[in-house]
Amino acid sequence: METSSLDQVRAAEFASGGATAYLATASCGLLPRRAVEAVTALAERNATGSRGGAGSFDAVDRARAGFARIAGVDPGRVATGGSVAVHVALVAASLPAGAEVLAPEGEFSSVVSPFAVRGDLRTRYVPLAGLAEAVRPETALVALSAAQSSDGRVADLDAVRAAAAAHGARTLLDASQSAGWLPLDAGAYDYTVTGAFKFLMCPRGTSFLTVTEEAQETLPVLYAGWLSAEDRWNSNYGPVRRLAAGARRYDEPVAFLAYHGAEHSLALVAEAGVDALYEHATGLAARFREGLGALGHPAVPGTSAIVAVPGLGAREPELADAGVLVSNRAGNLRAAFHLYNTEADVDRALEVLAR
C-alpha cells in the first residue's frame, strides 16, 4: 500500500477526532473496527445461545494462517496460544538439566523467567550489543527479543543467528515488540514467540509460537488434549491416539473471542504490508527523535518504531493528562508509532514535552 492507502485504512478502521494521541502500542495495540465487529458478533451469539456461538476453529486456523503469512512460514509450523510465557515454558521444558541459556541483560521477563525458575539450568546475561560475541560452545539456547521492550533497541539478529549456528546453539526470538512493523522471517529461528496484542493489533489472549521441524523433535507436548489431536472431533474421550502432525500439537486451549478478532487484525496487517508499515512507523519515530533532540532530550538512538528517552518516564502522567498516551518503562519515556499514528501525534507529544 502507498502512504495514501494507509491513510484510507486509518480512516476506515480506527476512531478519529484527535481526542487522544495514542503512542502506547508497545504496551497494547488499538483494535481495528473489523476485529471489534467480529468479537462483538461472537459475544452476541454467546449471549443468545445461537448455533455455533462458542466459537469457530476455522477462525482460529485462519488466524494461524494469517500469522504464518506475516512470519514467512507454513501454517503447519505455527501453534496458537494465549501468552508468550507459556510458549517459552515449553522451550524451557525441552532443555536438559545444566543447559546454558544466554539472553540480553534487561530482557523482558516472560522471555527469561521460564528458564530461571527451573533451577537446574544455567542462565547467563550479557549486554545486548555483545550478545553474538558471548555465544560459546556450551550455549544450548540464545533467547532474545527482536526489539527490546524497555527502550526499543533492535538486536543485530544476523550476527546472533550466525554465532548460534557456529556453536550449535538453538535460537528463540520474541517478536512481540516487532512483528507488525519489522519484517519477520520466523523460519530462520528454531522458535519464535509473539504476543499479538501489540503491533499486530489483535485482542489480548492471542499469541503465536513457531517451531522448526527439527526443534519439534525435542519439544514436549505439555498441553496434550483433544485440541492437539490430528482428528479433533474424534479425540474427545480417552487418550489422544495421534497428535497433530505439525505445530498445532502445541496449541493451548482456545480463547475464541480473541481469535475471532485476531483473524481480521492479521488480515489488515497483511493488506497494509509490513514494509509499508515499517516506513510509516519508523518515519514518525525519526521525526520524534529529532524533535526530542531539539528540546534537549536525547532519545536512545536507532531506527526502531519504539522511541525511548532515558530518565523522562516520570512525565508519563503529564502527557496522559494532555491526551498523549505513552508508557513509563524502566524510567524511560517510551513512545511507539504504528499505522494509526500521524505527524500530528508526534507534534502534539513534542508540544507537551516543550512546556
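Ala 258 lies in helix 8. Helices (H or I, at least four residues) and strands (E, at least two) are DSSP runs, numbered from the N terminus. This is a predicted model, in which local features need pLDDT of at least 70 and side-chain atom pairs count only at pLDDT 80 or more, while totals for chains, interfaces and linings use all residues. Residues are numbered from 1 along each chain as its sequence is written, and side-chain values use heavy atoms, with hydrogens and water left out.

Ala 258 counts as buried because its relative accessibility is 6%. Buried means under 20% relative accessible area, exposed means over 50%, and partly exposed is in between (1.4 Å probe, protein chains only). What does Ala 258 touch, leaving aside its neighbours within four places in sequence? Ala 258 is in contact with Pro 203, Arg 204, Gly 205 and Thr 206, where contact means heavy atoms within 4.5 Å. Arg 204 is 54 residues from Ala 258 in sequence, and their C-alpha atoms are 6.4 Å apart in space.

Now take helix 8 as a whole. Helix 8 covers residues 256-272, which makes 17 residues. From first C-alpha to last it reaches 25 Å, close to the 24 Å expected at 1.5 Å a residue; the expected span is 1.5 Å times one less than the number of residues. Helix 8 bends by about 25 degrees at Ala 262. The bend at a residue is the angle between axes fitted to the seven residues ending there and the seven starting there. Among the buried ones are Phe 256, Tyr 259, His 260, Glu 263 and Leu 266. Just after helix 8 comes Gly 273, with a positive phi of about 90 degrees.

The next element is strand 8, residues 207-211. Is strand 8 enclosed or open? Because 5 of its 5 residues are buried, strand 8 is largely enclosed by the rest of the structure. In a regular strand the side chains alternate between the two faces of the sheet. In strand 8 both faces are covered: Ser 207, Leu 209 and Val 211 are buried on one side, and Phe 208 and Thr 210 on the other.

Two strands pair if DSSP finds at least two bridges between them. Strand 2 (residues 78-81) pairs with strand 8 in the antiparallel sense over 4 bridges, and Ala 79 has Leu 209 as its bridge partner. Strand 7 (residues 191-195) also runs antiparallel to strand 8, with 5 bridges joining the two; here Thr 194 is partnered by Phe 208.

These strands belong to an open sheet of 7 strands in the order 2-8-7-6-5-3-4, with mixed pairing. Strand 2 and strand 4 (122-126) are the edge strands, each pairing on one side only. The twist averages 20 degrees from one strand to the next. Helix 3 (residues 57-71) packs on the sheet and touches strand 2, strand 7 and strand 8. The direction of helix 3 makes about 125 degrees with that of strand 2; axes are lines fitted to C-alpha atoms, for helices over the stretch in contact, and angles run from 0 to 180 degrees between N-to-C directions.

Some loop residues remain. Most residues other than glycine have a negative phi. Met 201, in the loop between strand 7 and strand 8, is not a glycine but has a positive phi of about 60 degrees. Met 201 counts as buried because its relative accessibility is 0%. Ala 330 also has a positive phi, near 55 degrees, and is placed in the loop between strand 11 (327-329) and strand 12 (332-336). Ala 330 counts as exposed because its relative accessibility is 72%.
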